[in-house]
Amino acid sequence: MNHFKPLFYFKNKLSFCLFILIQLVVISSAFTQTSKKKISPWYIYKEGNSFSDIEPFKDIIGSISVFGNPPKEFIDECHKYSIEVYHAVSGNEKSIDSAYKIIKIANEYVNDCNLNGYDGIDLDFENLDPSLQNTYSEFLKTASTKLHKAGKKLSQCVGFYPTLYQDKVPKIFYSPKVIGATCDLVRVMCYDMYYAPGKNDKNSLTRDDCQGIGPTSNYPWTKEAMTYWTKYVPKDKLIMALPAYSNDYTMDVNSTGKQVYAPIPDSVKGTLQSPTWQWYEKINIYLYNDLKGKTHLFYASDQKSTKALLKIGDELNIYNIGFWHFGSVDPKTWNIVREWINK
């Protein structure tokens with residue numbers, strides 16, 4: 001009489017054990033891939049803030065870069081949930097214009113980390129003169145060496161500008177190769193593709209290429225930016241930093257613009273009509289009239305555009321993303337982020 005044999009038939013205990021081991025490895029790999037995905041946003045600390053702001057997202061945040069001076073208790077609370085905390089710092093040409101100043105500021109970074117419990121320093125130096133590239137490279141090497149000796153880390157904020165890929169030698173104040181060699185994290189600012197306030201704004205960027213009318217970010221530009229930086233920085237060091245704000249322009253002769261920290265326009269006259277999805281750029285746009293009757297064009301950074309940008313992470317195997325900034329991320333966007341992480 002023939003007896004029914006199960007689909008998985010094992011001749012001996014060894015083959016059975018091997019089968020179980022293989023299954024555990026497969027399952028473990030699946031969980032490992034999911035756990036790779038983390039959020040590393042910038043966080044603006046103000047008096048009265050507390051860890052309760054971050055608490056709902058403690059399971060998906062890998063690190064935060066803090067502008068401001070939170071108490072050590074805040075940092076300790078982050079560490080309880082394995083969230084690394086970087087102190088975001090900025091500077092200008094005068095901060096590093098001599099070997100003495102470079103050593104001095106690097107020592108200050110180490111002291112800051114040791115005294116307050118930071119895991120590292122996040123450098124947000126922007127718009128320095130390109131002639132300082134060699135000086136800035138020495139600054140990175142010195143800061144990196146001193147921080148690493150102290151068991152701390154170095155992070156650098158970078159952008160994506162035409163001079164990076166159009167010129168054989170990038171006419172910018174930092175060297176992508178040196179950044180890749182010295183930094184533990186590199187936060188690629190995938191925003192300000194177009195700078196909404198424009199040249200008339202007192203805080204306007206010095207870049208001419210980012211002026212005009214357009215979104216702060218879109219799919220093809222962001223993918224190009226991240227692809228560029230993968231040539232110089234290992235993917236496990238890269239953070240794809242996305243915008244949590246939109247660009248809003250008045251459609252008149254001057255075409256003045258502003259950054260709006262919301263996914264939809266405010267101050268709308270009448271009923272806000274449904275947006276138009278730009279299939280190539282993968283972004284929603286709104287055409288509306290404000291309360292004064294002026295016509296506006298609004299490029300939305302919302303859950304739909306964010307979902308499209310997150311696919312870049314999957315395509316390029318970049319599993320760490322950030323936002324500028326944490327406090328302006330819309331609840332619907334957080335839902336999209338969780339879906340991406342649990343995918």
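In which strand is the place of Ser 155? Ser 155 is placed in strand S6, which covers residues 153-158; helices (H or I, at least four residues) and strands (E, at least two) are DSSP runs, numbered from the N terminus. The structure is a predicted model, in which local features need pLDDT of at least 70 and side-chain atom pairs count only at pLDDT 80 or more, while totals for chains, interfaces and linings use all residues. Residues are numbered from 1 along each chain as its sequence is written, and side-chain values use heavy atoms, with hydrogens and water left out.

The protein chain contains 9 helices and 14 strands. Of its 343 residues, 48% count as buried (under 20% relative accessible area; exposed is over 50% and partly exposed in between, with a 1.4 Å probe and protein chains only). Contact is defined as heavy atoms within 4.5 Å. Among contacts in the protein chain between residues at least 6 apart in sequence, 66% join residues at least 24 apart.

An open sheet of 9 strands shows parallel pairing and the order S1-S14-S8-S7-S6-S5-S4-S3-S2; two strands pair if DSSP finds at least two bridges between them. Strand S1 (38-39) and strand S2 (42-44) are at the edges, and because each has a single partner strand, one side of each is left without a neighbour in the sheet. Strand S3 (residues 63-67) and strand S4 (residues 84-89) run parallel and are joined by 4 bridges. Within this pair, Val 66 stands opposite His 87 in S4. Helix H2 (residues 72-80) lies across S2, S3 and S4 and runs at about 140 degrees to S4. Helix H8 (residues 303-316) also packs on the sheet, where it touches strand S8 (238-243) and strand S14 (320-324), with its direction at about 170 degrees to that of S8. Axes are lines fitted to C-alpha atoms, for helices over the stretch in contact, and angles run from 0 to 180 degrees between N-to-C directions.

In strand S6, Ser 155 counts as buried because its relative accessibility is 0%. Its side chain makes a polar contact with the side chain of Arg 187 at 2.8 Å (a pair of N or O atoms within 3.5 Å; within protein, one must be able to donate a hydrogen and the other to accept it, and residues adjacent in sequence count only if both atoms are side-chain atoms). Beyond its neighbours within four places in sequence, Ser 155 is in contact with Tyr 86, Ile 121, Asp 122, Leu 123, Leu 185 and Arg 187.

Ala 196 is located in the loop between strand S7 (185-189) and helix H7 (219-229). With a relative accessible area of 2%, Ala 196 is buried. Apart from neighbours within four places in sequence, the contacts of Ala 196 are Asn 247, Tyr 249, Gly 257, Lys 258 and Gln 259. Ala 196 and Tyr 299 are separated by 103 residues in sequence and by 10.0 Å in space, C-alpha to C-alpha. At the start of H7, a side-chain oxygen of Asn 218 comes to within 3.0 Å of the backbone nitrogen of Trp 221. Buried residues in H7 include Tyr 219, Trp 221 and Trp 229.
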